[in-house]
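Thank you all for making the time this morning. I would like to walk you through one structure, and I will ask you to keep it in view while I talk.

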Amino acid sequence: MGPRGLALVAVFIGSLLTPALAAEFIETRPGVRQPFLYGPGNNAFASVILLSGGNGRIGLKADSNDANSRNFLVRTRGLFRASGLNAATVDAPTDHRTAEGMSGAFRISADHARDLDAVAAFLKAKYDMPVFLVGTSMGTISAANAAARQKEGIYAGVVLTSSVTGTSRKIGRAHV
């Protein structure tokens, strides 16, 4: 087996040794709960909040510790944890769990930033490590919004992948 094969085997074994994920639904605004799936990383040095694209729905249920999404960040959350990062994968808040999920307008709102700040505060309290926002596609709007509105420097940094600059009013799709 070559170096690439060994590296893949090491990542796979590392993901098996990573502790199980837990689902959490925290109240962030009156009558609204923010669901997310989280777990500790192996020898963690920081925490990340993973923000998926599209409508932001990952299918997290209170009675399950798994998400139903094909989004790249959701699929690779185990790799983040195996690489030493506590990871929280965020679902749409309970007031946006319709088929439409989170709109671009909601992703730039103070309410959405407040929801993400609550997840960051949870991670800070649980792990006492720097928290980074990681967004992909439409999740980059969420990450940039929360970072821009942050109070007291709750975020250590922001990572944007497959970034978008806005949404179309007509169809609600992202512009790259």
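What follows is a look at the nonpolar cores, then the aromatic pairs, and finally one methionine in a loop.

Please bear in mind throughout that this is a predicted model, and that everything I report is computed from it.

The largest nonpolar core has 23 residues, and the members that touch the most other members are Phe36, Ile49, Val119, Leu123, Leu133 and Tyr155. If you trace where this core comes from, the elements that give two or more residues to it are the strands β2 (32–39), β3 (46–51), β4 (85–90) and β5 (131–136), together with the helices α5 (110–127) and α6 (139–149). Which of these provides the largest share of the core? That is α5, with seven residues.

Turning to the aromatic rings, the structure holds three aromatic pairs, and I will describe two of them. Phenylalanine 36 and tyrosine 38 form a tilted pair, at 5.9 Å centre to centre and with 45° between the planes. Phenylalanine 36 counts as buried because its relative accessibility is 0%, and tyrosine 38 also counts as buried, at 10% relative accessibility. Tyrosine 38 then pairs with phenylalanine 122, in this case edge-to-face, with the centres 5.0 Å apart and 75° between the planes. Because tyrosine 38 sits in strand β2 and phenylalanine 122 in helix α5, this pair ties together parts that are 84 residues apart in sequence. Taken together, Phe36, Tyr38 and Phe122 form one aromatic cluster.

Finally, I would like to draw your attention to methionine 102, which lies in the loop between β4 and α4 (104–107). Is methionine 102 buried or exposed? With a relative accessible area of 7%, methionine 102 is buried. Once its neighbours within four places in sequence are set aside, methionine 102 is in contact with Gly54, Asn55 and Gly56, with Ala92, Pro93 and His96, and with Arg107 and His112.

Definitions and conventions: Residues numbered from 1 in each chain as written. Predicted model: local features only at pLDDT ≥ 70, side-chain atom pairs only at ≥ 80, totals over all residues. Heavy atoms only, no water. Core = buried A, V, L, I, M, F, W, Y, C linked by side-chain atoms within 4.5 Å. Buried < 20%, exposed > 50% of the residue type's maximum accessible area, 1.4 Å probe, protein only. Helix = DSSP H or I, 4+ residues; strand = E, 2+ residues; numbered from the N terminus. Phe/Tyr/Trp six-rings, centres within 6.5 Å; stacked < 30°, edge-to-face > 60°. Contact = heavy atoms within 4.5 Å.
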